[in-house]
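Hi everyone, thanks for coming. Let me put the structure up, and then we can walk through it together.

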Amino acid sequence: MSQQVRGVVAPGRNEPVRVETIVVPDPGPGEAVVQVQACGVCHTDLHYKQGGINDDFPFLLGHEAAGIVESVGSGVTDVAPGDFVILNWRAVCGNCRACRRGRPWYCFDTHNARQRMTLTDGTELTPALGIGAFAEKTLVAAGQCTKVDPAVAPSVAGLLGCGVMAGIGAAVNTGAVTRGDTVAVIGCGGVGDAAIVGARLAGAATIIGVDIDDRKLETARSMGATHTVNSRSTDPVEAVRELTGGFGADVVIEAVGRPETYRQAFYARDLAGTVVLVGVPTPEMTLELPLLDVFGRGGSLKSSWYGDCLPSRDFPMLIDLHQQGRIDLGAFVTETIGLDDIEQAFARMHEGDVLRSVVTL
Ligand code: APR
Ligand code: ZN
Ligand code: ZN
């Protein structure tokens, strides 16, 4: 029997989101229904609402979530009803060219539920990032459920489902930050701060937070930045060079997603260093760089998709570190809100007032 629950739907481009009754089918083969306990509000949810991802309206928003598995379909063995799980949007297939070459964190054929959730009139919903967790319950592929220790609050655990994992992974997985490295992070929002946490965890000696908002720089310091630079008043490239013995940082993480900040990242990097782009650009953006500088400065220019994470490996590991007190995931939760508060949360996100608003159910 399908169930009817409340969910947050983006009906059309730039239209305000609405809380609607949605229909959640029973899980089919390889699927699970999850009772959502918490779901963070991510930039990507706003991009969906604005039509910036695609035009498959109506969307069921929300994708940074934790909850309890309620039921599973046939053939599901990795999770069972009652398990506390973080939802992920990288349920690896094991079969694509990336998986077959032993690099499943790039999986090109990730799994989602096959059945669709709908409105009560039968209109099919497109779940954000194949999750759709601003809802009391959601239907996902079982592989999208990563079991973790239920002792961690859902509002905290869920953050690993997207932004915080993207940031930590940008530093640890993509940037391969290691002991003694100098690191600069441009853009100290939720993702950038998580990159700072990751750099600190990996043993970076110097961590420079760059932002245009002093409030963000203050938080960046509390997350582990050893130095901060306000790039509205100070040239960030010069400042990063000065703070790194005149050379530039070994790893520069761009967590804004704009050509001008990418250019800063490119030139704030030491010779043979690494630039990691984890901020997500929009389609009209272009970048022009002297090719001779691209060659002459060496090193690597990388993008970080979802922090190049492997959920089954990284979520339980980061939950462990959180429980040991070696990272503080709770510091990312600015406020908890209800399903009816998503529009206000988008506005606060736009104003830069929050690291994360988290819907709790
Ligand atoms: N220079 C430096 N910092 C900037 C600039 C700039 N020109 N423009 C904006 N910022 C800062 C903001 O002040 C803010 O602190 O970048 C930060 C962006 O943070 P959030 O808005 O909280 O976004 P976040 O969730 O961290 O995501 C960052 O990663 O996943 C992507 O789509 C996401 O592109 C976005 C990026
Ligand atoms: Zn694959
Ligand atoms: Zn997200």
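Before I point at anything, one term: by a salt bridge I mean a side-chain nitrogen of Lys or Arg within 4 Å of a carboxyl oxygen of Asp or Glu. With that in mind, look at Asp353 and Arg215, whose side chains meet in a salt bridge at 3.1 Å, N to O.

Some housekeeping. This is a predicted model, where local features need pLDDT of at least 70 and side-chain atom pairs count only at pLDDT 80 or more, while totals for chains, interfaces and linings use all residues. Residues are numbered from 1 along each chain as its sequence is written, chains are lettered from A and ligands numbered from 1 in the order in which they are written, and side-chain values use heavy atoms, with hydrogens and water left out.

Now the overall layout. The protein chain splits into domain 1, residues 3–161 + 328–360, and domain 2, residues 167–304; those bounds come from an automatic or database domain assignment. Their C-alpha centres are 29 Å apart.

How much area is buried between domain 1 and domain 2? About 730 Å², with carbon and sulfur atoms giving 67% of it. Buried area here is the accessible area (1.4 Å probe) that two parts lose on being put together, summed over both. On the domain 1 side, Phe332, Gly352 and Leu355 lose the most area to domain 2, together 58% of what that side buries.

In terms of contacts, meaning heavy atoms within 4.5 Å, eight residues of domain 1 touch 12 residues of domain 2. The salt bridge count between the two domains is one.

Let's zoom in on Gly189, in the loop between β11 (182–186) and α5 (190–201). Helices (H or I, at least four residues) and strands (E, at least two) are DSSP runs, numbered from the N terminus. Leaving aside neighbours within four places in sequence, Gly189 contacts Asp211, Lys216 and Leu355. The C-alpha atoms of Gly189 and Arg356 are 9.0 Å apart, although 167 residues separate them along the chain.

Next, Asn230, in strand β13 (residues 227–230). Is Asn230 buried or exposed? It is buried, because its relative accessible area is 14%, and buried means under 20%, exposed over 50%, partly exposed in between (1.4 Å probe, protein chains only).

Last stop: Thr274, in strand β15 (residues 269–277). Thr274 also counts as buried, because its relative accessibility is 13%. Beyond four places in sequence, its contacts include Asp250, Ser300 and Lys302.
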